[in-house]
Amino acid sequence: AAVCDVSSALSDEAGSCVIIVRDVTEKERLAQLEREATAAAVERQKDEEANRFSRHEVKNGVLAALSQLDSISSEMRRKVGLEAGATFHRSLASMRSGLTHTLETVLSQALARDVLHGNYLPRTAPCKIEQALGLAWQINERFPLTTHPSPLPVVDIDQRLLCLVHRNALSNACKYGRHGGVVATEVVLAGDQLTIRVVNEPGEQHESVRGLDPASVFAKGTRLHRVSSDEAIATARVSKGDGGWVMAKCAECMLGECSIAFREAETVFELRCPAPQRLEESFLDEADLSAGVTALAIDDCEFQLVCLEAVFASLGIPEESTTLIGTTDEEVKGAADTIVAAVEALPPDGRLLLIVDENLDLAFPSSETVSGSYAARTALNRMPPSEEARTLVLVRSANDSESDVALYNERTHGFLSKAPSEPDRRTVLRTWVTRFGCEAVTRKGAPARSAADSAQLDDEDEMRAAAAAELRRLVALIGAERASAPW
């Protein structure tokens with residue numbers, strides 16, 4: 001309908017009335033669009049602030065509590081034994097399960113907000129589907145899981161997105177399917193295409209939804225069931241209708257799609273997305289960094305340093321080759337100098353593994369935060385290419401939005417999540433092999449590296465360094481040419 005603005009004027013002398021009618025439909029429409037855009041921008045900003053708080057404050061607190069539980073459990077096993085403290089260990093296990101569930105809930109909400117606002121950068125990694133789905137939701141007689149083929153090979157997929165979609169599908173099946181009924185998950189891998197089906201028995205209002213357009217289920221604000229007249233039941237059993245929309249957005253991030261079918265005797269949710277098989281990485285299980293590697297961790301949290309110490313130990317790096325710093329203001333402010341000194345102290349055939357926390361907070365009363373990635377980049381800029389070529393720098397952070405990860409990768413050599421989808425040991429080893437090659441790891445049972453091999457390795461390092469320097473020179477030259485180009 002058209003929107004009009006009407007104004008009028010009376011003239012006593014002429015004895016007439018002038019009425020002006022203007023069509024302001026477009027003006028009103030633009031004003032509405034501006035209001036919607038402003039509201040969306042405000043909502044995005046609020047969600048980003050909430051995500052940062054959830055990831056940094058809540059997530060770090062829960063991870064620290066989990067680390068404490070693991071330390072207490074390990075100490076009790078060592079001093080008392082598993083059988084003597086069975087009740088105590090069951091209590092710790094229950095606490096750990098509750099904290100893990102809380103962490104998953106917080107991360108899932110943050111992930112969903114990032115996906116909806118387009119701030120999430122999908123990150124594929126090797127994933128064992130059965131293990132990932134089993135950890136996200138307990139597999140038992142009521143929630144059976146079948147796979148074709150069985151067992152499934154390791155595939156490259158974003159495990160966080162996959163588990164979020166699967167968890168929501170199971171939750172909806174429990175909420176709207178037959179109370180206490182079986183909810184089955186079927187996983188089929190055909191070539192590089194993964195299909196996951198969640199099948200549930202029909203619920204009380206199944207007949208009322210059979211006539212719905214399946215595509216409308218994944219639209220924003222679609223509610224599948226009638227709102228109960230009982231306000232308490234309505235609050236508990238009916239959502240605001242964005243669940244299907246969120247699942248569809250997650251599927252789009254995985255380059256896939258969702259569908260649902262309301263059949264006479266069952267409801268079938270289906271997710272289809274690409275999942276190429278991962279190249280064989282079994283050699284990583286037998287590899288470590290026990291020879292010629294110095295490890296340096298920088299974090300302002302003692303519990304996180306304990307976690308990083310465990311990561312270095314799992315990599316086989318000797319304790320005497322490991323340095324942990326960051327708990328004092330002097331260590332945080334001098335991080336760049338410490339990194340440079342660590343590289344200069346390396347033996348001729350040695351390499352440095354550095355894991356640095358992104359947000360290094362100074363002690364109270366200071367509110368200043370030092371960027372770990374910036375400190376690492378500052379240190380790398382002070383090194384000659386030959387020394388940087390012997391260094392692997394990874395930024396560890398709970399903030400993993402697309403823009404954050406892009407910044408970490410720009411400043412350093414990679415990113416390490418504080419809530420990883422796979423063990424940190426494997427992620428570090430894969431990144432290490434990608435940067436330095438398979439010959440840069442130690443394999444169990446492999447002969448020691450000879451002097452000739454070391455010399456050859458040094459030559460390769462020099463070639464990599466020269467190539468990196470030449471690439472930087474060409475990039476700078478191209479940038480200068482583009483800046484001065486007439487077009």
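Start with the open sheet of five strands ordered β12-β11-β13-β16-β17, where the pairing is parallel. Strands here are DSSP runs of E, at least two residues long; helices are DSSP runs of H or I, at least four long; both are numbered from the N terminus. Two strands pair if DSSP finds at least two bridges between them. This is a predicted model: local features need pLDDT of at least 70, side-chain atom pairs count only at pLDDT 80 or more, and totals for chains, interfaces and linings use all residues. Residues are numbered from 1 along each chain as its sequence is written, and side-chain values use heavy atoms, with hydrogens and water left out.

Select β12 (322–325) and β17 (415–417). Look for V395: it stands opposite F415 in β17.

Next, show helix α8 (residues 302–314). It packs on the sheet and touches β11 (293–298), β12, β13 and β16. Contact means heavy atoms within 4.5 Å. The direction of α8 makes about 165° with that of β11. Such angles run from 0 to 180 degrees between N-to-C directions, with axes fitted to C-alpha atoms, for helices over the stretch in contact. Then select helix α11 (residues 372–381), which lies across β13 and β16 and runs at about 165° to β16.

**A buried glutamate**

Zoom to E358, in the loop between β13 (351–357) and β14 (359–361). E358 is buried yet has no salt bridge. Buried means under 20% relative accessible area, exposed over 50%, and partly exposed in between (1.4 Å probe, protein chains only). A salt bridge needs a side-chain nitrogen of Lys or Arg within 4 Å of a carboxyl oxygen of Asp or Glu. The nearest side chain of opposite charge to E358 is R411, 4.4 Å away. Lys and Arg count as positive, Asp and Glu as negative; His and the chain ends are not counted. Beyond four places in sequence, E358 touches residues including S373, V395, Y408 and R411.

**The mixed sheet**

Move to the open sheet of five strands in the order β4-β6-β7-β9-β8, with mixed pairing. Its edge strands are β4 (145–148) and β8 (257–262). Here the twist averages 15° from one strand to the next.

Select β6 and β7: they pair in the antiparallel sense over eight bridges. V187 stands opposite I196 in β7. In their hairpin, with two residues between the strands, G191 takes a positive phi near 65°. β7 is mostly covered, with six of its eight residues buried.

Step across to β9, which pairs with β7 in the antiparallel sense over eight bridges. R197 has E270 as its bridge partner there. On to β8: it pairs with β9 (residues 267–274) over six antiparallel bridges. Helix α4 (residues 159–176) lies across β6 (183–190), β7 (193–200) and β9, at about 20° to β7.

**The cores**

Finish with the largest nonpolar core, of 42 residues; F269 and L271 are among the members that touch the most others. A nonpolar core is a set of buried Ala, Val, Leu, Ile, Met, Phe, Trp, Tyr and Cys residues joined through side-chain atoms within 4.5 Å. α4 gives the most to this core, with eight residues. Select F269: its contacts beyond four places in sequence include V165, I196, F218 and M247. A second, separate core of 27 residues includes V332, L360, A376 and M383.
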